[in-house]
Amino acid sequence: MSTVTTEKSKAAGAVVDEPVVPAQPGPVDEQQAATAAAIAEALDPALVARLAAQARTQGVQLLGRGGVLQQLTKRFLEAALEAEMDEHLGYDKHDALGRNGGNSRNGRRGKTLLTEVGPVDITVPRDRDGTFTPVIVPKRSRRLGGVEDLVVSLSAKGLTHGEICAHLAEVYGAEVSKDRITAITDRVMDGLNEWQSRPLDSVYPVIFIDCIHVKIRDGQVANRPIYVALAVTADGGRDILGLWAGDGGEGAKWWLRVLTEIRNRGAGDVCMVVCDGLKGLPDAIGEVWPAAVVQTCVVHLIRASLRYASKADWGVIAKELKPIYTAPTEQAALDAFAEFSTKWEAKYPAIVRLWTNAWAEMVPFLGFDVEIRRIVCTTNAIESLNARFRRAVNARGHFPNEQSALKVLYLTICSLDPTGKGRARWSNRWKAALNAFDIAFDGRVTAGRR
């Protein structure tokens, strides 16, 4: 149950429980869209034009408190409630069939609904037996479902609860408490649990694994890792496999637990796993998927390199590292690395040691087709995801517990690629890569899809 503070209860210092008014389903297919259009066209165009002209002439706003759409929403809801009452009683208002027929109308009660066009004051009909249970506006409800969707959407885009309250007050003239916002967003936790335990595909060409650190107040504020796994599917899409909250720092033992869970959910085969240079991680990956190729993420490697260098040298170092990871063969990469070492080892020996230690996991993709290289080295998906995560995390500073942190990150995932253009773009470029993966990995990708 969520809570809402009404004008009357607010004055008395009381908080009342309320259910959610279910969002009315919109057109989902051509037939429903045609029906909705026919209903809209039933309105007299001359009447609509006259109302719009009158509102403009008299300076009446369309949206917000006292707006025209607010009043139209009131009329529509009240008409729908009267129709429900007619159906409940079995006769129309003032119909002679209702005389001495037992149950009958018994006046109205007022309530205020929070809607996307602002607060709407409506009157709800009552019956003498008290058995009338309206559907469009259920008993004890104080908001329409669209408002709940709006709150979740704003939270997913990184707004804090205080910013959402301010937005609703400024745009819709509605006072919504932070506790109420929390109650609305807490409902996504059921979806998070179901999403986190869903069955996975039997094979993935590539899985990117990474973690971000968030501040969680558990007794005292401390950095905690949130483990993330993003997979390239056999159809060329991108699928985030889950979120896992760890304790302490990032560690290979925790990754072993995460990867084992992914395998137990159905991912029995993975061709390549792209990760950072965490010590012990290749062994953990090999224990879960012995046939997987472990590839160090080049972006992580470059970032780690620049930490050892003066900012003035970043541009030059990044430019001279590029011939190493774009070399056509491993031998060409060794030659480019030797040239880089000759120039920079005296000034930045730690960078040379970093690449030397990571070499075995950095060069595997150099032996594959250019299409596979493009999939492995193009980390836009995981980097874009991490950027969205950081924006949502930085807006809040720290979280009271790990569930709160997971909720915010899950909401961020739900708001990704709302138009579907990203998925379409990935699929369009996938066929050449699928051919390359099937040849390089002996048909494992195609076999796993059957």
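A residue counts as buried when its relative accessible area is under 20% and as exposed when that area is over 50%, with partly exposed in between; keep these cut-offs in mind while touring this predicted model.

Select glutamate 82 to begin: with a relative accessibility of 18%, glutamate 82 counts as buried. Because glutamate 82 sits in helix H4 (residues 68–89) and arginine 108 in strand S3 (residues 105–115), the pair ties together parts 26 residues apart in sequence. Arginine 108, at 43% relative accessibility, is partly exposed. Now show Asp86 and Arg105 as well, which together with Glu82 and Arg108 are linked in a network of salt bridges.

Since 10 of its 13 residues are buried, H17 is largely enclosed by the rest of the structure. At the start of H17, a side-chain oxygen of asparagine 401 comes to within 3.2 Å of the backbone nitrogen of glutamine 403. Glutamate 402 meets arginine 224 in a salt bridge between side chains, at 2.7 Å, N to O. Arginine 224 belongs to strand S6 (residues 220–232) and glutamate 402 to H17, so this pair ties together parts 178 residues apart in sequence.

Finally, turn to the largest nonpolar core, which has 71 residues, and select Leu243, Met272, Ile324 and Trp355, the members that touch the most others. H17 gives this core its largest share, seven residues. Around methionine 272, contacts beyond four places in sequence include Pro205, Val293, Phe365 and Phe441.

Notes: Residues numbered from 1 in each chain as written. Predicted model: local features only at pLDDT ≥ 70, side-chain atom pairs only at ≥ 80, totals over all residues. Heavy atoms only, no water. Buried < 20%, exposed > 50% of the residue type's maximum accessible area, 1.4 Å probe, protein only. Helix = DSSP H or I, 4+ residues; strand = E, 2+ residues; numbered from the N terminus. Polar contact = N/O pair within 3.5 Å; in protein donor to acceptor, adjacent residues only side chain to side chain. Core = buried A, V, L, I, M, F, W, Y, C linked by side-chain atoms within 4.5 Å. Contact = heavy atoms within 4.5 Å. Salt bridge = Lys/Arg side-chain N within 4 Å of Asp/Glu carboxyl O.
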